[in-house]
Amino acid sequence: WLKVCFCCVPFGDVRESSGPMCFAMILLSTLFILGSSVRISLWNASGVASFRRPVSHGTCVPLVSNGPTFSVSVGVGTPPQEFNLIVDTGSNSLVVSSCKCSDEHGCSRDAPCYDATSSSTFKFNQGKVDLMYASGTVSCEVGTDDVLVAGYRAQTPNNLMMMVDRSKLRLDGRLEGILGLGNSRNKDADLGEEQFMRYAKVQRYSLCFDFHETAAGALQLNPPKPKKVLRSIGQTHWGVGMVGLSVGAGEMHPVNVCGEEAKDHSYKRACSVIPDSGSTFILAPPRQLSALFHELCERWPRCKTHSENMSREGDALRDVLRTCKAWLNDADDLSEVPSLFFHLQDSMLANQTLELPPWTWVFSTRADGCFPAIEPFAYESLETEAVWVLGSAVFHSHVVGFEMEPASVSFSSESCSSCLDDARFATGFNNHHLPKRLDGPARYPNYGQRLALETVLSSGLVT
């Protein structure tokens, strides 16, 4: 205020008209300061995501690593009840654990739960729905309430799924819920049609995963528009056309998949990919996984030598990776293992090649060494013959962006910038180039059919 008065009332020349002007400027300054104080107080009083830091064109919130999954702080209800929800671009609904769910229903009393009776904005739908996941089924009651994510608040009509029974869910550990960030629009009149971002008027958002002591990635809402986007072809999921696959370390060698000449003519395209942040592994059509394992072993000298005494190169690849603790001491990292290169093309014929380095898809466990986090998976699509699910690997190697209208996906190889003021975080993706540690059960999508690798191997689909 003193600065305002000094500017309004110069020393040695106090004019009659300066008083009202000074008063007006003081009043404006007071309103500005009070408004800022109220805004800050309201945000901090919510108890949700108070670590948020604004970025130049939007809002950023750090992610938390839960082992095989990543979660974000979300407030549900009024006043907000805080949860760490798995960020899942492969589903639409917002799922939280209800306080009605008891120990006998598979819920832990130590985990946060949503109490609808404590929220002044809750509306009960009188409906109940079973959500199907690859790891089992959860029973939910359906309702509507206010949702707060990174400073954006909106109601998600009939799209709040409150878990009341998860006893049939084969998933260890605490599950507080899921934040669906998919592209699907549910046409069921009794359920919500769209995910949170649409109701919150968020035009675009991006996700990236990393490992850091204070943050494990970032969710950005309304970030700057990316330089390159690919139109989404999916009607149910975020999806991009795939026209080829290569492997190599320095030089790309094509894998014999996704050729238009071999495509069933009843489909529009041979292959596509779904970038699914809620899935831990890369999931591949069985026959194409066979071709990929073959080419990976051919282009990796250590595996090729080992495969000479084995009948199946898929077994050789897994066998060599299983002994990674022995040869990683000599190699220091996974640089000798070939990268995967996915060649994408959208409906407008825009092209982009994504490199997934081996440290994004080679995992390790305490007891069993390393293994390729690529599994056979069957998913029926009306327009695409073979669908790949790019799980956490693509989010570990790229900042993946999602544009609401027109529906588009972007992949940027820039560093996974933190929402925190920590320069160490912005040094790049997992620059140690070591296998990722899997300390819990992998998470799979709630669509398609997971296939057991050993069963597929014995059937001859993967050689």
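Visitor: How many helices and strands are there in the chain?

Guide: Welcome! Helices (H or I, at least four residues) and strands (E, at least two) are DSSP runs, numbered from the N terminus. In this chain there are nine helices and 29 strands. Before we go on, this is a predicted model, in which local features need pLDDT of at least 70, side-chain atom pairs count only at pLDDT 80 or more, and totals for chains, interfaces and linings use all residues. Residues are numbered from 1 along each chain as its sequence is written, and side-chain values use heavy atoms, with hydrogens and water left out.

Visitor: What percentage of the residues of the chain count as buried?

Guide: Buried means under 20% relative accessible area, exposed over 50%, and partly exposed in between, with a 1.4 Å probe and protein chains only. Here the chain has 463 residues, and 54% of them count as buried.

Visitor: How many disulfides does a search of the whole structure find?

Guide: A disulfide is a covalent bond between the sulfur atoms of two cysteines. To find one, look for a pair of cysteine sulfur atoms within 2.5 Å. The search finds six disulfides in the whole structure. One of them joins Cys-101 and Cys-107, with sulfur atoms 1.9 Å apart.

Visitor: Is the disulfide of Cys-101 and Cys-107 right-handed or left-handed, and why?

Guide: The torsion about its S-S bond is about 85 degrees, so the disulfide of Cys-101 and Cys-107 is right-handed. Cys-101 is buried, at a relative accessible area of 9%, and Cys-107 is buried too, at 7%.

Visitor: Which link is left-handed?

Guide: Look at Cys-258 and Cys-271, whose sulfur atoms are 2.1 Å apart. Their link has -100 degrees about the S-S bond and is left-handed. This pair links distant parts of the chain, 13 residues apart: Cys-258 sits in the loop between strand E17 (253–255) and strand E18 (269–275), and Cys-271 in strand E18. Cys-258 counts as buried at 8% relative accessibility, as does Cys-271 at 1%.

Visitor: Where are Cys-324 and Cys-370 in the chain?

Guide: These two form a disulfide, with 2.0 Å between the sulfur atoms of Cys-324 and Cys-370. The torsion about their S-S bond is about 75 degrees, so this disulfide is right-handed. Cys-324 lies in helix H7 (residues 324–331) and Cys-370 in strand E23 (residues 369–372), 46 residues apart. Both Cys-324 and Cys-370 are buried.
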